[in-house]
Structure formats: C-alpha cells, structure tokens
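Let's take a friendly walk through this structure, moving from loops to helices. Please keep the view open as you read.

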Amino acid sequence: FLLPCSCRVIHPSPPWRNMALSSCPRYEQAKRTRILHLNDMGLTSIPTPVLSLTMLTRVDLSYNNIEELTPDIQQLVNLENLWLNGNPLNAIPSELQHCRKLKVLDLRDTLVESIPREIGRLKNLFTIDLRGTPLCEELDPFKGSTEELLSYLDVKDRRTNIALEMEDKLLSAKYLETADMVEGGIVVNALVKAVCAQFPEMDELKNCARNADRLFPQRYASPVELRALFHMNPSDGPAAKRKKWGAIATKIAEKEAVKLKVSYIKLRRENEMVKLSADMELKISAIYYDNHDPTDIEGWLRSIYSCFTPENYANEGRSDCPDLEDIKFIIQHATRIFPKESTDITGPLIRKSMLDLQRKLTEDREKCVKGIISSISAIYSDREPPQVAKLARDVAKLFERDRFATEKELEDLKKISADASLLFPAEFDSADPKAIKKLFKQREIAANASIGR
C-alpha cells in the first residue's frame, strides 16, 4: 500500500549524509555495480556527488522528500532506470531528454502534472509509470500507454520547434522592422499560433513554414500599421496594454490564418500543377516519340487543362473539383487515354477518354465485387443477402489501391471470388475482412515462393 505524498512521514537525514559521500558504502558500491539505491532516506534533492557518477545505469530515489529534480540529472548519460515514485515531485526537467539511454521512468504517486515535450525524444524509453499522479487534462488520456504518450509528446515537440523556427524566421526577415516593437512580437506570436492551428498535418505545417515569407501578410511589417492597430489609452499601464494587445492580436491572427490557409492551398495546387505539367509533357513525348513537334506540347497542355476547371465539373452535375486527381489519372493511364495520332489531341477528347476509362474501371470493380457476393452466398446461404453483400464489399474495400480499380486490384478480387471457399470461414460470425485479407496475402506469398523454386 502506497501512502500519498502529503501523508508520508518526513524522514530525518541519514547519518551518512553528514559524512563525505565519497566514503559512504553505498557510493563506493555504486561505482562497482553502476546501481545506486537512495530510497526512503529523507532526501530533499539528489546529493551533488551522485551526479558525478556518470556510469550509473539505475538510480532509486523513491520515497524521499524531493520536490524538484535538478536539471543536472542530464549528467547521468548512462542512466537506464530512474525511480522517483513516492516523492512530492512537482515537475520533470526538460534536460532529462539528454539521458538518451533511459528505459524506465517511475513517477508513481508524485505530484507531477505534466511531462515536458522534449521527453518524446527518448527513443529507448518504454515505460513511464504515472499511476497516482494528478496528470493534467491534456495528457491524462495517455496515462496508461507509454507508447501513445511518447508519440503525442514527439508530435508536440516537433510542431513546437517548427512554430519557434517559423517565428524566428519571420522576425529576422519579413517582420524585421517591427521585430523590436512589443506589438510586433505579440502579433507575430499570435499569427504563428493561429496558423499552426490551421495545419494539423505535420507535412502541411512544414510546407507552410518553408513558404512563410510568401504566405504571411505584409501589412504587419510596417511600424506605422502596427501602431495604428494597437493604439491604446495613454493612461493604461504596461500590464493592461499587454492584455489588450494580446486580445487584439489573437482576433487579427485568427482571421489572417484562415486567409493564409486559402493562399496556401492555392499555392500548393499551383506547384502541383507545374509538376504535373512536366510529368504530362514527358508522357506525351514517350507516347509519340518523334511523331510530333515539341512546340505543340504547350498548346496541347493548355487545351487539356482548360477542360478541368470548376465549370467543367459543375456542368457534369458535380459539386467537387478533383482536377489534380484527374490529371494524375491521365498521366497514369496515358497510353489508354491519348489517341493514336498526336494530331488528334484536344482537351475535350482527352477528358471524354478519361471519363470513359474511369467509368469502365468502376464497372469492372463492381463486377468483381458481385462475383465475390455470388461465391460466398453459397457458403452463407442461411444469411440475408444484404449481410452477405456487406461482408463481400468490406473485404473488397481492403484491396482498393486508388480511386479507380487497378489491374492488381481486379486480379486479386477475381482470385478471392475463385478461392472463396478457402478464404472465408464456414461460420459467418467468424468472418473478419482483415483476417481474410491476411490469409489471402499468405497464400499469395506461398504461391509465389513455390513458383520461384
């Protein structure tokens, strides 16, 4: 039974604390064993000489009166196990990240409410015991899973570093003229925070940071603009000014972040289109070799792209505009979409050929799914047709690789239909789509291995 920190008896200092630590038996023993037990000793901090024992792999400081862990703990670079349970410990220093070999961190029955984001950098850490801690609401969902907690901290750490780098980059370049103004620092900090909230995906946030100079608004680089925005009553004190400026900056930043996200999406699409244009040009050149004038390609591309506008999709009764996806589809299936003669290339023809092929691939996929439904209907004849159909579609869904059926997908679905009796269990309630796919893959690997022999 573990007593809460507030109920534990504070122990008097042990006799050896009054002597030189170098002459303490435990200290001498630790030099040989690399293990040091200082539990239940009434300590209020880690004795300084202990921090010089850099060879230590295990340190037990449980059931003491330690409220604060010194940042110098980072000196124990070989530390693998650290027990701090049963201490009135308030926080963990971020410097613990430098104990890169750390595997176990026991914080049971401490007063720790938060874990520094830098702890997510400890790749060898597999156990953080947080039972009996008043962990904050942010981290409480991860209390029982070290892996999930470290993953969360790692993401938080990387996002925070991106935000800090972005802020420094903006203050040292785009907003250099206002960097030394209090208002400048407040507004840039608010802008970065609001923009980060608009980009939950790590890769998109990185791309936004790389293009920060192009995406962030120019107006806050002007001292005159800032003073006009943050005009205050002369009687307001420094604290009141900062509070009001913070509220103004937050309101401004939220609106600017939304506009920045729109600009980012537009910029990303433009960059993607440039890349796709280069890929399309290579495909056309490969299909027609020397049977075309290279100067014609630019005109063909303009004609093709003119048929992939929001208006084109709206005229077809569609509310979405998957132009990038469709251009990629054309490049992927270029040999089946482009005409035999380069002189026949027009935007409308390419669009029609694409739509015809997409329709065919959709029909081929549906035909294969119906084949699976037919095959397993015989196995599960006691079940209602909608139940059987749902199982077949759930299995088929796991083999989808793209928006439209690929040759490999269609081939796999046909095999599933043919081998249904070997892949699907006799009992319907035992049929798990993921297990069926796993069995299919195992059989495929075995078949390929036997061919190779």
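In which loop is Asp-40 found? Asp-40 sits in the loop between β1 (35–37) and β2 (58–60); strands here are DSSP runs of E with at least two residues, helices are runs of H or I with at least four, and both are numbered from the N terminus. Before going further, note that this is a predicted model, in which local features need pLDDT of at least 70, side-chain atom pairs count only at pLDDT 80 or more, and totals for chains, interfaces and linings use all residues. Residues are numbered from 1 along each chain as its sequence is written, and side-chain values use heavy atoms, with hydrogens and water left out.

Most residues other than glycine have a negative phi. Asp-40, although not a glycine, has a positive phi of about 60 degrees. Asp-40 is partly exposed, with a relative accessible area of 40% (buried means under 20%, exposed over 50%, partly exposed in between, with a 1.4 Å probe and protein chains only). Tyr-63, in the loop between β2 and β3 (81–83), also has a positive phi, near 55 degrees. Tyr-63 counts as partly exposed because its relative accessibility is 21%.

Now to the helices. Helix α3 (residues 182–198) has 17 residues and spans 25 Å from its first C-alpha to its last, close to the expected 24 Å, where the expected span is 1.5 Å times one less than the number of residues. Its buried residues include Ile-186, Val-187, Leu-191 and Val-195. Among the elements covering the buried residues of α3 are α2 (146–172), α4 (202–210), α6 (223–229) and α7 (238–288).

Helix α7 also holds Ser-277, which is buried, with a relative accessible area of 18%. Leaving aside residues up to four places away in sequence, Ser-277 touches Leu-301 and Tyr-305 (contact means heavy atoms within 4.5 Å). The side chains of Ser-277 and Tyr-305 are joined by a polar contact of 3.0 Å, that is, a pair of N or O atoms within 3.5 Å, one able to donate a hydrogen and the other to accept it.

Finally, look at helix α10 (residues 323–332) and helix α12 (residues 347–379), whose axes come within 11 Å and cross at roughly 85 degrees. The two are therefore roughly perpendicular, a word used for angles of 65 to 115 degrees. Asp-326, Phe-329 and Ile-330 of α10 meet Ile-350, Met-354, Leu-357, Gln-358 and Leu-361 of α12.

Notes
Axes are lines fitted to C-alpha atoms, for helices over the stretch in contact, and angles run from 0 to 180 degrees between N-to-C directions. Angles under 35 degrees count as roughly parallel, over 145 as roughly antiparallel, 65 to 115 as roughly perpendicular and the rest as oblique.
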